[in-house]
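The sequence and the coordinates come before the notes.

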Amino acid sequence: MVRRLPSVRRMLPWLAVPPLAALTLLLILPIIWMLSTSFQSGDKMYQLTTEWIPKVWHPENYPNALSRAAFPLFFLNSAVVSIAVMVGNIIFCTLAGYGLAKYRFPGDRFVLLAILSTLMLPLEVTLVPTFLIIHKLGWLNTYQGIFAPLLVDAFGIFLMRQFILKIPTDYLEAARIDGVGEFGILWRIIVPQCKSAIAVLAIFAFRDSWDQFLWPLVVVSRDDFRTYPLGLVRFGEDYGNPPTEQMAIAVLATIPVFVLFILLQRFVKTGFGLSGLKG
Amino acid sequence: MQAQTDALPRRAALPWPPVSYRTRIRAWGVGFVLPTIAFFAFFKYGPMLWAFWLSFTSYDMMGTPRLVGFDNFTSIAHDPMFIQALGNTLVYIAGATIFITLVALGLALAVSQRVPGSRAYMSGMFLTNVMPIVAVCLVWRFLLHPHGLVNQMLSPFGFRRIDWLTDPSLAMGAIVGVTVWRFAPYFMVVFVAAIVAIPADFYEAAEIDGAARWGRFRHITIPLIMPQLFFVIVVSALLSARIFLMPFLITGGGPGGATRVLSMLVYETGFSYMKMGRAASISVALFAIAMVFTVLQMRLFMRGEED
């Protein structure tokens, strides 16, 4: 029994390669389809077979799509909003996560639960009153109207808290004795050790905001503040816009998130296991 | 920033009486959390209370909200469209949660074996999470078209043209399928992190004791990843409760309302028909659903804290 194991162990992994590779390919097939379609000619879309590698490449789909609607502006709007949301989450979630992980104060437990319970209040639930607040503030059709309600997210706070909990409190005590202030501790001790958690937070805050559809749909009615998802959907609804150009925009919209993932990947490796609430 | 930190050391100097020193430190803790508390009070709890109040009013954004008692609630309770949307939402949550969890676990088990290139498969699969949801919806709407890629790939297996998006009995299943495609690889990562952390000698000991593959999975893997399992179930349920864009874009809520979910009904009622009070009462139902899973999440969290 035991003697047989080594050879089986050596063989088995390689046997698993083809099915796993096939499964991965199957999962990313829609992404490949998107890429391939974005280079097809418009009339190829309605054929009964899929032409994976275009016989004739049509890279002009990209400039055509960009010029048909105000997509450069829509992308800029999305970028402004998403970067604001990302920065807001990094600042507020790190502050709150640090406060909740390393300080005891009356009611800290209650605050923790109050923050956790905001999970039951996503924008979809508070859509009407949040819209009325933004309306009362005069922020309809503004950047701050789109990003303000998204600036802090409970998951981000918990990600940071769970991560900071693992940093030994002795470090902080030592720093205090050396005369470092509380803000100095956060900046010089906590933040440098939290890079991977902050990277995860940054990616997901950006991605989630980049994905937002319902909220901008509600607060934006003017083209100058429309984000790219609104623009893309409307572009698809307008008769006569080829789907291939729609796919070109979809590809362009994927690139920023993809780049962000690549850039921050080395941090993510260590930070990812913590994306669960239970560290 | 530098000036600020330079000014601080005086506070931490030890001559302070211990109580006052501790109080100072505490005040900093409160200070760090305060911006977030203020934010949530303004953008979460305030709107929640306002939504409750609005649900007892009739309000079309002209003039002021008019109190109507329980009228909105009795009205939506008798509205077949609401009943249907509520049912759809629950079916969607159940379907999406179950299949996301199972598929994510399956993928994690496959990927976490000691297989050459397992990291590459994981990164590849995770790409489904890099694509913006709008793009996901647009692409899948084409793929699920009667002549689309899905039917093209199924035809060698003898399937005839399947109307994924226009057959009322299939449309919700199709939306669940897209949801699973999108989110399962994300939760796979959560599972992989937990599975990889299980010490290899646990399995070796079980193997020597003659435990079969299934036995090892059932008695070692599952109990040790229980916290992550609960986490994935609860979080995917919370995610699914908020679903809007997928049915909105892929099927438009059709056919015949078969994929219209509560968030779509809130949007239509509030922003197409301008019935803010009624929309608020529908969102109270959505709130109740989200609350169930949030309470579960909190209990899970509390249990984790006690360890």
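**Surroundings of Val234(B)**

Apart from neighbours within four places in sequence, Val234(B) contacts Phe293(B), Leu296(B), Gln297(B) and Leu300(B). The model is predicted.

*Val234(B)*
- Val234(B) sits in helix 12 of chain B, which spans residues 226-241.
- Val234(B) counts as buried because it has 23 C-beta neighbours inside 10 Å, where 20 or more are required.

*Contact between the chains*
- Chain A puts 76 residues into the contact and chain B puts in 81 residues.
- On the side of chain B that touches chain A, helix 3 (residues 18-54) of chain B gives the most, with 19 residues.
- By class, that side of chain B has 59 nonpolar, 17 polar and five charged residues.

*Make-up of chain A*
- Chain A contains 14 helices and zero strands.
- Of the 279 residues in chain A, 47% are buried.
- Taking contacts in chain A between residues at least 6 apart in sequence, 79% link residues at least 24 apart.

*Helix 4 and helix 11 of chain A*
- A pair of packed helices is described by the angle between the axes and the distance between them.
- For helix 4 (residues 71-102) and helix 11 (residues 195-211) of chain A, the angle is about 145° and the axes are 8 Å apart.
- The crossing of helix 4 and helix 11 of chain A is right-handed.
- Residues of helix 4 of chain A in this contact include Ser78(A), Val81(A), Val85(A), Asn89(A) and Cys93(A).
- From helix 11 of chain A, the residues that meet helix 4 include Ile198(A), Leu201(A), Ala205(A), Phe206(A) and Trp210(A).
- The contact of helix 4 with helix 11 of chain A comprises eleven nonpolar and five polar residues, with no charged residues.

*Confidence in chain A*
- Chain A has a mean pLDDT of 86, and 89% of its residues reach 70 or more.

Terms used: Residues are numbered from 1 along each chain as its sequence is written. Chains are lettered from A and ligands numbered from 1 in the order in which they are written. This is a predicted model: local features need pLDDT of at least 70, side-chain atom pairs count only at pLDDT 80 or more; totals for chains, interfaces and linings use all residues. Two residues are in contact if their C-beta atoms, placed from the backbone, lie within 7 Å. Helices (H or I, at least four residues) and strands (E, at least two) are DSSP runs, numbered from the N terminus. Ala, Val, Leu, Ile, Met, Phe, Trp, Tyr, Cys and Pro count as nonpolar, Asp, Glu, Lys and Arg as charged, and the others, Gly among them, as polar. A residue is buried if 20 or more other C-beta atoms lie within 10 Å of its own, exposed if 12 or fewer, and partly exposed in between; C-beta atoms are placed from the backbone. Axes are lines fitted to C-alpha atoms, for helices over the stretch in contact, and angles run from 0 to 180 degrees between N-to-C directions. A crossing is left-handed if the near helix is turned anticlockwise from the far one by less than a right angle, and right-handed if clockwise. pLDDT is the predictor's confidence in each residue, from 0 to 100.
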